[in-house]
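Subject: Handover of a structure and notes on it

Dear colleague,

Please find the structure below, together with its sequence. My notes follow it, and I would ask you to read them with the model open.

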Amino acid sequence: MRKNLLFLFMLFFSCFTMSLIAQEQGEQPVLSGKPIKVNKAEFIKLIYNFEKNPDAWSYEGTLPCIIDFYADWCGPCRKLAPTLEKIAKLYKGKVIVYKVDVEAQRELAAYFGIQTLPTVVFVPINGQPQAAMGLMPQETIEQIIQDVFQIAPKTQTEI
């Protein structure tokens, strides 16, 4: 019995340690199929370090991403949120959806010149990000994913 408990403790400790190491090495967040809310520090680590490279866009991620600049008080932002949740689930493992609250992250909003809400930025692995402003239907977002990220839409059998 003691050996079993010791084994379980060591297994748990090993998994916990590996998880901490992965976080410290700056790996992509867990691909949960849900939008991920980020602050400035996480944005710099996961998306773009604008403090280090202010003049040259350099995406830090390994998967294309969508960045939703939103505010809680914004009606169109609230209407877009469920659509982006569906997109995150539909493209899980292929596209990451990030959310930036412009009220809490004013520096990010100012740096990127966000004046219209929602502003949705599509960031391919290589190349420049492309922004779209305002409320968009899911079909439009999926078409942009296909055009910008070169990711084909999922079929019903893949879902």
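In these notes, a residue is called buried if its relative accessible area is under 20%, exposed if it is over 50%, and partly exposed in between, using a 1.4 Å probe and protein chains only. The model is predicted, so local features need a pLDDT of at least 70 and side-chain atom pairs count only at pLDDT 80 or more, while totals for chains, interfaces and linings use all residues. Residues are numbered from 1 along each chain as its sequence is written, and side-chain values use heavy atoms, with hydrogens and water left out.

I begin with strand 3. Helices (H or I, at least four residues) and strands (E, at least two residues) are DSSP runs, numbered from the N terminus. Strand 3 covers residues 96–101 and is mostly covered, six of its six residues being buried. In a regular strand the side chains alternate between the two faces of the sheet. In strand 3 both faces are covered: Ile96, Tyr98 and Val100 are buried on one side, and Val97, Lys99 and Asp101 are buried on the other.

Next come its partners. Two strands are said to pair if DSSP finds at least two bridges between them. Strand 2 (residues 65–70) pairs with strand 3 in the parallel sense over six bridges. Strand 1 (residues 36–37) also runs parallel to strand 3, and two bridges join them; here isoleucine 36 has tyrosine 98 as its bridge partner. Strand 2, helix 3 (residues 75–90) and strand 3 together make a right-handed β-α-β unit. Right-handed means that, with the strands pointing away from the viewer, the path from the first strand over the helix to the second runs clockwise.

Lysine 99 deserves a separate look. In the pairing of the strands, aspartate 68 stands opposite lysine 99. The two side chains also meet in a salt bridge, at 2.7 Å from N to O. Lysine 99 lies in strand 3 and aspartate 68 in strand 2, so this pair ties together parts that are 31 residues apart in sequence. A salt bridge here is a side-chain nitrogen of Lys or Arg within 4 Å of a carboxyl oxygen of Asp or Glu. Lysine 99 is buried at 14% relative accessibility, and aspartate 68 is buried at 0%. The charged end of lysine 99 also sits over the ring of tyrosine 70, 4.3 Å from its centre (the rule asks for NZ of Lys or CZ of Arg within 6 Å of the ring centre and within 35 degrees of the ring normal).

How many salt bridges does the rule give? The count comes to four. One of them joins lysine 40 and glutamate 51, at 2.7 Å from N to O. Lysine 40 is in helix 2 (residues 40–46), and glutamate 51 is in the loop between helix 2 and strand 2, eleven residues apart. Lysine 40 is partly exposed at 21%, and glutamate 51 is partly exposed at 47%. Lys40, Glu51 and Glu107 are linked in a network of salt bridges.

Finally, the aromatic rings. Rings of Phe, Tyr and Trp (its six-membered ring) pair if their centres lie within 6.5 Å; planes under 30 degrees apart count as stacked, over 60 as edge-to-face and the rest as tilted. The structure holds eleven aromatic pairs. Tyrosine 111 and phenylalanine 112 form an edge-to-face pair, 5.0 Å centre to centre with 80° between the planes.

Yours sincerely
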